[in-house]
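Please read the following report on charged and aromatic side-chain contacts alongside the sequence and the model.

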Amino acid sequence: METQRPNLLPLLFICFSLRLISAVGESNYSNTTNGTDFIRTSCGATLYPDVCFSSLSRYAAAVGRDPAQLARAAITVSLAKAKHMAAYVSNVSRQADYGAASDPRAAAALHDCFSNFGDAVDEIRGSLRQMRHLDPGVAGAVGESFRFQMSNVQTWMSAALTDQETCTDGFEDVSDGPVKADVIGRANEVKKHTSNALALVNHYAEKAVP
């Protein structure tokens, strides 16, 4: 009677799959670890390193050790924060119980703040779009196109930060109150993210452009 030989193909397939999963897991872990260390070090060059790291560490795997990817991630976070702030100010300015109608300075400050953050959103969005279409040149050579593009990103991010600062400056003559404090507090938090993004953009530009 002939003995039936066991089919080893399923077992071999399982072993191969487990090794592949393990290799992918190790690779992802390595990328995340390297990215985390890189982000932590890079954030040391910003004015708000703790805010920088806490907001960007989630992008560690995608960033790796690429300063361009890190700058893009920082701009992405800055854009999200600015858009959220613009929506918040728009909502506050519509609240009837705020009583802005009885205080023209408060009404004007809120209106200007919304306008400023709207401009900031446009500028940050333009920066992100430019970063996604960078042309570093051929074989690592930095061309004039790249210099021009990076200059645009730096200019727009700087303008966005100025617009956000203009928002808070507009409340200087407004009487103190919970709404004023809340708007300024939120705006200051957004400014930290924009400041960090600008610092990382500048750092990347300095390294990429000799």
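Arg147 and Glu144 both lie in helix H6, three residues apart, about one turn of the helix, where helices are DSSP runs of H or I with at least four residues, numbered from the N terminus. Their side chains meet in a salt bridge, that is, a side-chain nitrogen of Lys or Arg within 4 Å of a carboxyl oxygen of Asp or Glu. The model is predicted, so local features need pLDDT of at least 70 and side-chain atom pairs count only at pLDDT 80 or more, whereas totals for chains, interfaces and linings use all residues. Residues are numbered from 1 along each chain as its sequence is written, and side-chain values use heavy atoms, with hydrogens and water left out.

The structure holds five salt bridges, among them those tabulated here.

| Salt bridge | N to O distance |
|---|---|
| Arg147 and Glu144 | 3.6 Å |
| Asp122 and Arg125 | 3.4 Å |
| Asp176 and Lys180 | 3.0 Å |

Asp176 counts as exposed at 72%, while Lys180 is buried at 10%.

One aromatic pair is counted, for which ring centres of Phe, Tyr or Trp (its six-membered ring) must lie within 6.5 Å, planes under 30 degrees apart being stacked, over 60 edge-to-face and the rest tilted. Phe146 and Tyr204 form this edge-to-face pair, at 6.1 Å centre to centre and with 85° between the planes. Because Phe146 lies in helix H6 and Tyr204 in helix H7, the pair ties together parts that are 58 residues apart in sequence. Both Phe146 and Tyr204 are buried.

Methods: Helix = DSSP H or I, 4+ residues; strand = E, 2+ residues; numbered from the N terminus. Buried < 20%, exposed > 50% of the residue type's maximum accessible area, 1.4 Å probe, protein only.
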